[in-house]
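This briefing covers fold, confidence, strand pairing, pockets and ring contacts. The chain and its model are shown first.

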Amino acid sequence: MISRFPLLGEPLPLDLINTAPSLGDLLRTPDDLRAWCTAQAHRLPELGADIGVADVSAVRAIRNHIASALERARRGQCPHQLDLHALEHAQRAAPAITHLRWEDAGLTAARLREGTPGQRLAAELAEATAHLLADPAVTTIRQCDAHDCVIWFLPTNPRRRWCSAALCGNRMRVARHYRRHKAEQ
């Protein structure tokens, strides 16, 4: 099955940014947001099925601030205060607590947030972004070298140039081969 999202498995803020590829926004409806959350279920707390239009708007708004802050930080520039304040505000709008519960096996701790599904999701994304912004690896974030691709990734190999070697990488190699052979004719 082909995912409806172009690249998954990057740090959570990058996976969110990658939902706005050059072909159009992939988070337009509550169903789109539910599908993305399902694809990220191993990294996000359960939000429930009651995701609405306002939740989509909240996530898209924080996505814009995340993209702006990471764009500047990856270039070694200080993010705009407006973006940093938006990230902090999102976290304050859905504060997290550690819920303690006694079970037969002992004490368990679960991190819970208050607020609407959109507020909780925006807070989780803002918190993940804060950690990424504070990580020195933020300056290694790249955008795919394919001329028509806007996907961001955190390269595990310093020579990685494309979001996907099988897709963009192969497309660019074929185009380069075509140009080289056309010039020889």
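Along the sequence, the protein chain follows the pattern α-α-α-α-β-β-α-β-β-α. That pattern holds 6 helices and 4 strands, where helices (H or I, at least four residues) and strands (E, at least two) are DSSP runs numbered from the N terminus. The model is predicted: local features need pLDDT of at least 70 and side-chain atom pairs count only at pLDDT 80 or more, while totals for chains, interfaces and linings use all residues. Residues are numbered from 1 along each chain as its sequence is written, and side-chain values use heavy atoms, with hydrogens and water left out.

**Extent and confidence**
- The C-alpha atoms of the protein chain fill a box of roughly 75 × 40 × 35 Å along the principal axes.
- Mean pLDDT (the predictor's confidence in each residue, from 0 to 100) is 88 for the protein chain, and 90% of its residues reach 70 or more.
- Confidence is highest in H4, at a mean of 97, and lowest in helix H6 (residues 165-184), at 68.
- Where pLDDT is low, predicted coordinates should not be read in detail.

**Strand pairing**
- Strands E1 (residues 96-103) and E2 (residues 106-113) run antiparallel and are joined by 8 bridges; two strands pair if DSSP finds at least two bridges between them.
- E1 and E2 form a hairpin, with 2 residues between them.
- Trp102 has Leu107 in E2 as its bridge partner, and Arg101 stands opposite Thr108 in E2.

**Pockets**
- A pocket is an open set of points on a 1 Å grid over the protein atoms alone, where a 1.4 Å probe fits, with protein on both sides within 12 Å along at least five of seven lines; lining residues have an atom within 4 Å of a point.
- Grid points are joined across faces, edges and corners, and a volume is the space filled by probe spheres set on the points.
- The largest pocket has a volume of about 440 Å³.
- Its lining has 20 residues, with Pro6, Pro21, Leu23, Cys149 and Ile151 nearest the centre.
- By class, the lining of the largest pocket comprises 12 nonpolar, 3 polar and 5 charged residues; Ala, Val, Leu, Ile, Met, Phe, Trp, Tyr, Cys and Pro count as nonpolar, Asp, Glu, Lys and Arg as charged, and the others, Gly among them, as polar.
- The second largest pocket holds about 160 Å³ of space.
- Residues lining the second largest pocket include His65, His89 and Gln119.
- Helix H3 (53-74), helix H4 (81-93) and helix H5 (117-134) each give two or more residues to that lining.
- The lining of the second largest pocket has 8 nonpolar, 3 polar and no charged residues.

**Charges over rings**
- The charged end of Arg74 sits over the ring of Trp152, 4.9 Å from its centre; the criterion is NZ of Lys or CZ of Arg within 6 Å of the ring centre and within 35 degrees of the ring normal.
- Arg160 lies over the face of Phe153, at 4.1 Å from the ring centre.
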